Amino acid sequence: MCKNKIMGLFVTGTMIGTMIGTMMLGGCGTKANQGAQVNQGTQANESVQENTRPSSSVDSSMNAAEIEINTSDMFSGRDKEVGYDETESVSVQLSDDGSVCESDAVLVEGDTVTITDEGTYVLSGTLTDGMVVVAAEDTDKVQLVLDGVSISNSESAALFVLSADKVFVTTAASSENTMENGGDYTVIEDANIDAAVFSKSDLTFNGEGKLTVTAKAGHGIVSKDDLVFTCGTYEVTSADHGISGKDSVRIANGSYKIVSGKDGIQAKNADDAEKGFVYIADGTFEIISKQDGISAGSWLQIEDGDYAVATGAGSAAAKNHNTQERMPADWEAKAATAEEDSVSIKGIKAGTQMVLKAGTYTLDAEDDALHSNGTITVSGGTYTLSSGDDGIHADANVLISGGSLDIAQSYEGVEGLGIDITGGDISILALDDGINAAGGNDSSGFEGPGPGGDQFAATEGAYICISGGTLYINASGDGIDSNGDLTVSGGKTYLAGPVNDGNGSLDYNGTAVITGGIFAASGSSGMAQNFGGSSTQGVMMVSLDYRQEAGTQISLTDSAGTELLSWTAEKEYSSVMVSCPEIKQGETYTLTAGTAEESVAMDSLVYGNSSQMGGKPGRRGGRKDDGRNMITKL
């Protein structure tokens, strides 16, 4: 068996559970539709009782509940078996113009060696311009043991699986093996071969040795069915995709270094939307790709592993998000076409659903670091994300229930139609909004409503719900921006908002309610919004006479002088918002912010709003002799 065991498999079946639900905003809860296979909260480790095949798309109204994808049948026992009986195996010695094998099941024609029958074949030696072909019956299982093999082919694949039920490629312990394409491909048996290793059947790689694959043209390793890796060491360099499985890519463990001209790892089935998935239980991955690092046409789930992924020119090649110019009348159609036609350069991408349970991720992506055309669920792991666009983007909903996430560079930190944060330790640095509930395609966060649109109208289904976790947000745009509603019921949120008056710490188009947790924000005051009157926990928003410097301390004390909350502002600010369970109606508090000190009498649970600014309306800005900017009251 493979020495490295699979981690984290605890759900029965082979396919994704259906996951449709509707967000009930009052309690930030979920209501799963009948038949949905959803595990939430403390039930996350319970097995799904039934399983259905994944749908081809995810409706934008879906709630990002914690979804369990059935994975127990991902790998067979033989997928993980690296042993073989040498006495029962067929020895094949490869040599230019002189390959030798005594079995009638092996045909040698020049430098083409063809295996025609089920069994285990031990290959060694070199073909400098040749090919190994598997042409067995569709019911045959064939194991190829690579023990010091080097195969190059100038005009086709080094290994070509024409027919078999399944082929197992096993690298012998401590062996070094190479397969290479020289830059051209010739059609063989009506097969449009386009990879250094090309299979029309299910293909499994395992072993305790190393395989290096080089494709000067085309892809590295391709299976037109399922492509499985259970252990071993692999280095793949390719002009196009590195590793590609049409129906699926399934990885139990192993070590992978991939340099590719397109996607690093890809699974995409344009003919069957229920296939084309990527499942990774564990492993170590170093991926440098000109397009997506890991891409699944349908769902993607990762249980554990270490991932270092760099795509395109990295986060330094950020998009131009200039929204100042007026958009043309047909902006929506042009945006959709541009999105469809554009090259995808994302870190990790899923077509319908992404589930990340554990692992260590260092992603530097020219486009989104984590992207799903449907939903994203993060329940554990350690993430360092640098993105030229969004750190995390889902066209539908995002759920973060655990893990440590550092979005070190992004245009927008987290974007989705609905965003649930129930746990985790999250740090966000964003050039625009820190958290944005907008939904739609990857352009939705910065293209706005378009000409004639109402930028203040709520988007149906849009919400942000924070009920747990710890968040540190440093945003040059809005700190938290919901095109719908905002609910904070728990957790700790610290927000360094914008310094310009065109944005605010909070921005919402529906309602905003705080019922629990700690919320501490500092930022500009020109567009500041407070939580609404339906809040059941005390919250105060106070404007300051002078802008305060970055690095100054902000603290809140009660009438007895007891400090309730204290933090350091990362940027200069002119408005402060504070909410914590100790703030009570009828009490008086002192807010100290840098050199400013304000006495706040909580006549109601909500103090200060966008028009009254902490109960001091009408005071106009100007410039004092000390040169500090005063704040314009709107």
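Are Phe 519 and Phe 531 buried or exposed? Hold that thought for a minute, and let me say what we're looking at.

This is a predicted model, with local features needing pLDDT of at least 70, side-chain atom pairs counting only at pLDDT 80 or more, and totals for chains, interfaces and linings using all residues. Residues are numbered from 1 along each chain as its sequence is written, and side-chain values use heavy atoms, with hydrogens and water left out.

OK, strands. They're DSSP runs of E, at least two residues, numbered from the N terminus, and two of them pair if DSSP finds at least two bridges between them. Look at strand 22, residues 277-280. On one side of strand 22 sits strand 19, residues 248-251, in a parallel pairing with four bridges; Ser 248, for instance, has Phe 277 as its bridge partner. Strand 22 also pairs with strand 25, residues 299-302, again in the parallel sense, this time over three bridges. There, Tyr 279 is bridged to Gln 301.

And the side chains of strand 22? Phe 277 and Tyr 279 point one way, Val 278 and Ile 280 the other, and all are buried. Buried here is under 20% relative accessible area, exposed is over 50%, and partly exposed is in between, with a 1.4 Å probe and protein chains only.

Now the rings. Rings of Phe, Tyr and Trp (its six-membered ring) pair if their centres lie within 6.5 Å; planes under 30 degrees apart are stacked, over 60 edge-to-face, and the rest tilted. The structure has 14 aromatic pairs. Take Tyr 361 and Tyr 383: their centres are 4.5 Å apart and their planes at 5°, so that's a stacked pair. Tyr 361 is in strand 29 (residues 360-365) and Tyr 383 in strand 32 (residues 382-387), so the pair ties together parts 22 residues apart in sequence. Tyr 361 is buried at 0% relative accessibility, and Tyr 383 is buried too, at 1%.

Back to my opening pair. Phe 519 and Phe 531 are edge-to-face, 5.2 Å centre to centre with 90° between the planes. Phe 519 is in strand 45 (residues 518-523), while Phe 531, twelve residues away, is in the loop between strand 45 and strand 46 (539-548). And the answer: both are buried.

There's a ring cluster as well, linked by ring pairs, and its members include Phe 205, Phe 229, Tyr 361 and Tyr 383.

Last bit, cysteines. With a disulfide being two cysteine sulfur atoms within 2.5 Å, the structure holds zero of them. Cys 101 is buried at 18% relative accessible area, and Cys 580 is buried at 1%.
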